[in-house]
Amino acid sequence: MLAWYDRHQRVLPWRAREGKAPDPYHVWLSEIMLQQTTVQAVKPYFEGFVACWPTIEDLAKAPLEAVLDRWAGLGYYARARNLHACACKIVADFGGRFPSDEKTLKTLPGIGDYTAGAIAAIAFDKVAAAVDGNVERVISRMRFIDEPLPKAKKAIRAETLALVPDRRAGDFAQSLMDLGATICTVRAPKCGICPWEGVCIAHAKGRMEDLPIKPPKKRKPVRHALAFWLESEGDVLLRRRPAKGLLGGMLEVPSSPWGDEPLDDDAALAHAPNAADWAILEGTVRHTFTHFHFHLKVARAHIRADARPDGLWVPMHDLDGLPTVMRKVAHMVQKQKA
DNA sequence: TAAGCGTGGCA
DNA sequence: TTGCCAAGCTT
């Protein structure tokens, strides 16, 4: 496996260069960003964070709002809140140095079983299992673990830990993930070039794509709301959402409450931030969150600067801090102008 | 244990 | 267009 990794490992911005010691700050930051998120999506965010906050002390000193604004678009915003809390704790309680053992790592906000194992192995070369979705797939196929997830996790973890070598545990952890990402893929795995073809039980049985067995998904309900795009001399009215829950702490375009049924126009307009001359735009912004679909209509109005209601007035050319669903609103408004 | 929590790519 | 799914954690 290590020989395969030496030949085929991916070049990624957070990986240490040949012969260099890994930077625990970079390892941790990348692992948090990579939770449930693709490598391609993470790359620009990782670069942006390191450029803006080169050390964990810099990140700890930053206001939470600045961290959230820079995380905007990456999703799962509790990660950004935990990231900042973790940085503060590392600086305050650990002298700015990451602990190297899994048990202590798991006490830190945003670090669970997988991430603790990944940091211990990759940053400190500790013998530890880092079992993510890739590893679950690779190991359940090779050992033919046909118990459904999440019950299979215990067996998968034990099988993985038994394979971790005494030396280069970090490279081994990354090699499993690279194998899962590039060869042992969800669909159409490339068994013909897999270093484990000869020992993989699922391959021998021709059952690769049946594993791992996952529980059925639930249907997503639809929720509805009307957003209020209020412009004044190049600025738009935004507000910051409550600190926890969906899009917690993120900027948003003010809206009516999000409900199970669409409100009629008059009822929705009663929630507008002021009594301006609102025009409801054609079309609907559609966005899918983790557990529901969202249909958002948009109302638009212009007011003079001296009539601005209280709130956060942001230049329309500076909307980088908006989460994706709100960027879709901005995009729809821009399109209607053209 | 199960539910809440984003987003983008791809079949 | 729709559903599936990716380097999971918290409550």
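**Ground rules.** I work with a predicted model, in which local features need pLDDT of at least 70, side-chain atom pairs count only at pLDDT 80 or more, and totals for chains, interfaces and linings use all residues.

**Entry 1, cavities.** I searched the whole structure and found two cavities of 30 Å³ or more. On a 1 Å grid over the protein atoms alone, a cavity is a set of points where a 1.4 Å probe fits but cannot get out, and its lining residues have an atom within 4 Å of a point. I take a volume as the space filled by probe spheres set on the points, with grid points joined across faces, edges and corners.

The largest cavity has a volume of about 120 Å³. I noted that 14 residues line the largest cavity, and that Cys184, Cys191, Cys194, Trp196 and Cys200 are the closest to its centre. Helix 9 (residues 133–142) gives the largest share of this lining, three residues; I number helices (DSSP runs of H or I, at least four residues) and strands (runs of E, at least two) from the N terminus. By class, the lining of the largest cavity holds 10 nonpolar, one polar and three charged residues, where Ala, Val, Leu, Ile, Met, Phe, Trp, Tyr, Cys and Pro count as nonpolar, Asp, Glu, Lys and Arg as charged, and the others, Gly among them, as polar.

The second largest cavity holds about 30 Å³ of space. Its lining includes Ala128, Thr160, Val164, Phe172 and Leu176, and the largest share, three residues, comes from helix 11 (residues 169–182).

I stayed with helix 11, where Ser175 has its place. Is Ser175 buried or exposed? Ser175 counts as buried because its relative accessibility is 0%, the cut-offs being under 20% for buried, over 50% for exposed and partly exposed in between (1.4 Å probe, protein chains only). The side chain of Ser175 reaches the backbone oxygen of Phe172 at 2.6 Å. Leaving aside neighbours within four places in sequence, I find Ser175 in contact (heavy atoms within 4.5 Å) with Met1, Trp4 and Tyr5.

I listed 26 residues around DNA strand C, of which Leu34, Gln36, Gly110, Asp132 and Asn134 come nearest; a residue is near a strand if one of its heavy atoms lies within 4 Å of it. Of the atoms of DNA strand C that come within 4 Å of the protein, sugar and phosphate account for 67%. A phosphate oxygen of DNA strand C lies 2.9 Å from a backbone N or O atom of Gly112, and one lies 2.8 Å from a polar side-chain atom of Thr115.

I found 19 residues around DNA strand B, the closest being Lys218, Leu247, His287, Thr290 and His291. Sugar and phosphate make up 63% of the atoms of DNA strand B that come within 4 Å of the protein. A polar side-chain atom of Thr290 lies 3.2 Å from a base nitrogen of DNA strand B, while an N or O atom in the side chain of His291 is 2.5 Å from a phosphate oxygen of DNA strand B.

Technical notes: Residues are numbered from 1 along each chain as its sequence is written. Chains are lettered from A and ligands numbered from 1 in the order in which they are written. Side-chain values use heavy atoms; hydrogens and water are left out. On a 1 Å grid over the protein atoms alone, a cavity is a set of points where a 1.4 Å probe fits but cannot get out, and a pocket is an open set with protein on both sides within 12 Å along at least five of seven lines; lining residues have an atom within 4 Å of a point. A polar contact is a pair of N or O atoms within 3.5 Å; within protein, one must be able to donate a hydrogen and the other to accept it, and residues adjacent in sequence count only if both atoms are side-chain atoms.
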